[in-house]
Amino acid sequence: MSFQGYRRQNGSVGTRNYVGIISTVSCANDVTWWISQEVEGSVPFVHGQGCAQTRPDLDQVTRTLISLGWNPNLAGVLIVSLGCESVLADQIAAGIAKSGKPVEMVVIQKVGGAKTAVARGSSLAQAMVAKTSTLRREEFADSELVLGVKCGASDTTSGLAANPAAGATCDLLIDNGGTCIFGETTEFIGAEHILVRRAATHQVAEKIMNVVARTEKRAIAMGFDMRGGQPTTGNIAGGLTTIEEKSLGAIVKGGSRPIQEVYEYGERPQGKGLFIVDTPGREPEFLTALAAAGAQVIVFTTGLGAPQGFPFIPVIKVTANPATYERLPDHLDMLVNLTGHTDFAETGRTLYQEIVEVASGKQTKAEILNYGNFPNIFTIGPVI
Amino acid sequence: MILNHKDNVATALCHLEAGDILQLRIGERTLEIKLRAQVPFGHKFSLAQMAPGSPVIKYGEVIGTSTEAIQLGDYVHVHNVASARGRGDLAKVMK
């Protein structure tokens, strides 16, 4: 099977063709947002990080912003910096420029404040859109697809049908030579023994155990039962009793193929196949991790109805809860049959077809609504 | 829905009322259960007698431990099942 995508200078393939307006620090978010509103064809990336954090977190934010800039759905990038933030805007711009795409920068404190920054930034972004919008879609093999998989606002139907359907789709894509990325390490807790059996090497198995232990340790360090935070209040109302139950239903969304590698937050997986990115599953942070990892399309399963998309990645919402599908037609793209079946090959093929169509330009509900403009970057340490 | 023959809980695929009688196939055998409580859509009920401290099994895997005696047909959720993971509260007691 093939899809229609945009060829990038470094050989990657985009499913969308935006100019990304990327904020380096929360203090530059407003200007970033205003520029994106001024310029048709541009998309914002705003977040709450970038300053007054410890070195590991500043490195993580820098790495993530560079990787976001590399995402093949962006044709060019405008960096919006305040000027005095802890992360280095020049370093981020240089890191993105290595991808071969055009990168421009506006620094609010240098140009004389927000109004001037918006005016200058808008001009730069407009010029980039004018240039990159001449690019036309070309045909590519589906082995060029990088699919991100996520579940959110889960109930028991997620584990029974929506996640197995996503898993069947992942298996299909990997068998066709493509790439799938999943994560949400908190939702490996209680199911890590199953994931470990699928690790491609002993080292990968060890990494899976380590990231799960690290995540659980962080939760335990707070001195409370994790339940209520994970599973969430909504998960519990939806019938999920423990994190173990949630995890056993969650991991199946990654399918059944060997896990090739485990990556840190903000890293870009190398090669093809199935990969894990270590990050908690909360939407604003995890969708960013998938975008940073190079996903061009995301499948997002939900039980109770999670609305989030992402500024420059089409997010396909799938549910197996028929009441949710009926109640939230603005948000949900696909209903998976729940009626007690265990063979998801057919459903997996239907979802695969949808992914190819979306990759080729079909708009998802989240895109049509323009929902999901407030993602974040996951950090570990305190704000200092 | 029963996902694995080892499971001692099943998931309701529609809203079920106390007193409802269900005929369930588990592998080769058939089990008749009279529900002892209301079970909402997507929630679980017991397929077996469980003493306090028993493993609760779904997907053929342990999803938690019973915190009280659970009867056949009981509603099974956070009121009678505890998680073994992410228990910072227990870590505090152990200090």
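I take helices (H or I, at least four residues) and strands (E, at least two) as DSSP runs, numbered from the N terminus. With that rule I placed Pro102(A) in the loop between α3 and β6 of chain A.

**Ground rules.** This is a predicted model, so I read local features only at pLDDT of at least 70 and side-chain atom pairs only at pLDDT 80 or more, while totals for chains, interfaces and linings use all residues. Residues are numbered from 1 along each chain as its sequence is written, and chains are lettered from A and ligands numbered from 1 in the order in which they are written.

**Pro102.** A residue is buried if 20 or more other C-beta atoms lie within 10 Å of its own, exposed if 12 or fewer, and partly exposed in between, with C-beta atoms placed from the backbone. Next I looked up its contacts (C-beta atoms, placed from the backbone, within 7 Å). Leaving aside neighbours within four places in sequence, Pro102(A) touches Gly76(A) and Met128(A). I also checked Val77(A), 25 residues away along the chain; its C-alpha atom is 6.4 Å from that of Pro102(A).

**The sheet.** Strands count as paired if DSSP finds at least two bridges between them. I found an open sheet of 4 strands in chain A, in the order β4-β3-β5-β6, with parallel pairing. Its edge strands are β4 (42-45) and β6 (103-107) of chain A, each pairing on one side only. Neighbouring strands are turned by 20 degrees against each other on average, direction ignored. For angles, axes are lines fitted to C-alpha atoms, for helices over the stretch in contact; values run from 0 to 180 degrees between N-to-C directions.

I then followed β3 (residues 18-23) of chain A, which pairs with β5 (residues 74-81) of chain A in the parallel sense over 6 bridges. In β5(A), Leu74(A) is the bridge partner of Tyr18(A).

Which strands does α3 (residues 89-97) of chain A touch? It packs on the sheet against β5 and β6 of chain A, and its direction makes about 165 degrees with that of β6(A). Helix α5 (residues 114-132) of chain A lies across β3, β4, β5 and β6 of chain A, at about 170 degrees to β5(A).

**Helix α11.** I counted 8 buried residues among the 10 of α11 (283-292) of chain A, so to speak a mostly covered helix. Among the buried ones are Glu283(A), Phe286(A) and Leu290(A). The buried residues of α11(A) pack against α2 (55-70), β8 (146-152), β9 (179-182), β11 (273-277) and β12 (297-302) of chain A. Just after α11(A), Gly294(A) has a positive phi of about 100 degrees.

**Chain A as a whole.** I get 14 helices and 14 strands. Buried residues make up 61% of the 384.

**Contact with chain B.** I find 28 residues from chain A and 24 residues from chain B in the contact. On the side of chain A, α6 (156-175), α8 (202-220) and α10 (243-250) each give two or more residues. The largest share, 4 residues, comes from α10(A).

Notes: Contact = placed C-beta atoms within 7 Å.
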